[in-house]
Amino acid sequence: MEEKEFLQEEYGFVIKGWREAGAQKVLETDQGLFYLYTAPAGYKYKGKLVERVRKHLLQQQEIGMLKLVKTREGHAHTFYEDTMCYLYRGVREGKPEDPVYACGQSLARFHKATASFTGDKLFLPYSSLGSWPSMWRRKLRRYNEYRDELDEVSGELTPMDELLLTSYTYVHQLGETAVQYLHATGYDRVVKETASFGKVAYQNFEQGYMLWNEQEVRLMGGEWNWVLDMRARDIGQWLKAESRRNGWKDETAIRFIEGYNSVSALLESEYPIIYGLMLYPGRFLKLVETYQELPDEEREAVDAKIWHTHLEDELVHMEEALRRYPQVIEQQYGTSIPQIDWLWRREDEKALDRRDEKSSE
């Protein structure tokens, strides 16, 4: 059953239109507008955390929550294949004069509202606070293991396998550099310094989690994507997502950070941590994991050209962001951020053309 048919059956409406808006899908139905969000099925175990944070936010009045819609059988969420789906009732949306600035403001208000959240020690399985370096290294080890597996393949490699071998050195070095960068810029110290500024973040903060109604009341969704972590995570992930979507633009980044700082100013020590997060090729490694988990016959059917374009775009867009972010932060806030010079390439050179020498022998 296709996702559209599944949702119609689960919620009892007829979908007339469907469009993506960052982290959400906007559904136009015979019963009005709805926002669809998704999360990995395993996130269902976060129920108590989500309930506790939601209750806490409702008491703070800093930011409102969208109204959750239950399925026909009265469930708060449902599952399509290996994905959790949950729905909010749509609203008559308003558009702020400066949406990017307003998004930064809203994110800061969200973090500020979670600063007084208690009981976080009860939810350590859903905490990433202080564990970025170990998490990143674990994912890099999995990437290494797959690289080693490919070396031992006696038969013919798929085009996708060849692509991953070609890009291995560049991506792995980028990941290792990101981990080293975190340590060099005092990640553990910054975790402690910023603990009082907010306790909840998103898995991957994106456009679509924050919106406004006609009365310009701030509203948010995506609760099953909450994790316990520092605020720098959301800022870095938004900058990455925006760069992928529209390419890096100095003014956009400045307006977003200015909006955030107008509510809760970032510490100088947080800017390098955000840069470290931008360095880490997390989305690339996640795509590789997804490919690894495919059955053999599905792997062979993967269109390597499409993936090549997708992965190349990911790295190219981030290169411009990584080049400009330190310069923008120094010009705007006087904070010096060490840059990684080996990243820069000639304009006619492609990221995935950096062939791993070992694989070429």
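How exposed is Arg137, going by its relative accessible area? Arg137 comes out partly exposed at 31%, where partly exposed sits between buried (under 20% relative accessible area) and exposed (over 50%), with a 1.4 Å probe and protein chains only. Keep in mind that this is a predicted model: local features need pLDDT of at least 70, side-chain atom pairs count only at pLDDT 80 or more, and totals for chains, interfaces and linings use all residues. Residues are numbered from 1 along each chain as its sequence is written, and side-chain values use heavy atoms, with hydrogens and water left out.

**Salt bridges**

- The model has 14 salt bridges, each one a side-chain nitrogen of Lys or Arg within 4 Å of a carboxyl oxygen of Asp or Glu.
- As background, side chains of opposite charge can pair when their charged atoms come close.
- Arg147 pairs with Asp151, with 2.7 Å between the closest N and O atoms.
- Both Arg147 and Asp151 sit in helix H4, four residues apart, or about one turn of the helix; helices here are DSSP runs (H or I, at least four residues) and strands are too (E, at least two), numbered from the N terminus.
- Arg147 is buried at 5% relative accessible area, while Asp151 is partly exposed at 37%.
- Over in helix H12 (residues 304-333), Glu320 and Arg323 are three residues apart, again about one turn of the helix, and their salt bridge has its closest N and O atoms 3.5 Å apart.
- Glu320 is partly exposed with a relative accessible area of 32%, and Arg323 is partly exposed with 26%.

**Around Arg245**

- Arg245 and Glu206 meet through their side chains in a salt bridge of 2.7 Å, N to O.
- Arg245 lies in helix H7 and Glu206 in the loop between strand S8 (200-202) and strand S9 (210-212), so this pair ties together parts that are 39 residues apart in sequence.
- Arg245 is partly exposed at 32%, whereas Glu206 is buried at 18%.
- Arg245 also has a polar contact of 2.8 Å with Glu242, side chain to side chain; a polar contact is a pair of N or O atoms within 3.5 Å, where within protein one must be able to donate a hydrogen and the other to accept it, and residues adjacent in sequence count only if both atoms are side-chain atoms.
- Glu242 is in helix H7 (residues 231-246) and is buried, with a relative accessible area of 12%.

**Surface charge**

- Glu145, Asp148, Glu149 and Glu152 gather in a patch of negative charge on the surface.
- For charge patches, the residues have over 30% relative accessible area and no salt bridge, and like charges are joined within 9 Å.
- Glu145 belongs to helix H4 (residues 132-151) and is partly exposed at 47%.

**C-alpha distances**

- Glu3 lies in helix H1 (residues 3-11) and counts as buried at 18% relative accessibility.
- The C-alpha atoms of Glu3 and Trp132 are 34 Å apart, and the two residues are 129 apart along the chain.

Definitions and conventions: Patches are made of residues with over 30% relative accessible area and no salt bridge: like charges are joined within 9 Å, nonpolar side chains (Val, Leu, Ile, Met, Phe, Trp, Tyr) within 5 Å. Accessible areas come from the Shrake-Rupley method with a 1.4 Å probe; for residues, only the protein chains shown count as cover. Lys and Arg count as positive and Asp and Glu as negative; His and the chain ends are not counted. The place of a charge is taken as NZ of Lys, CZ of Arg, CG of Asp or CD of Glu.
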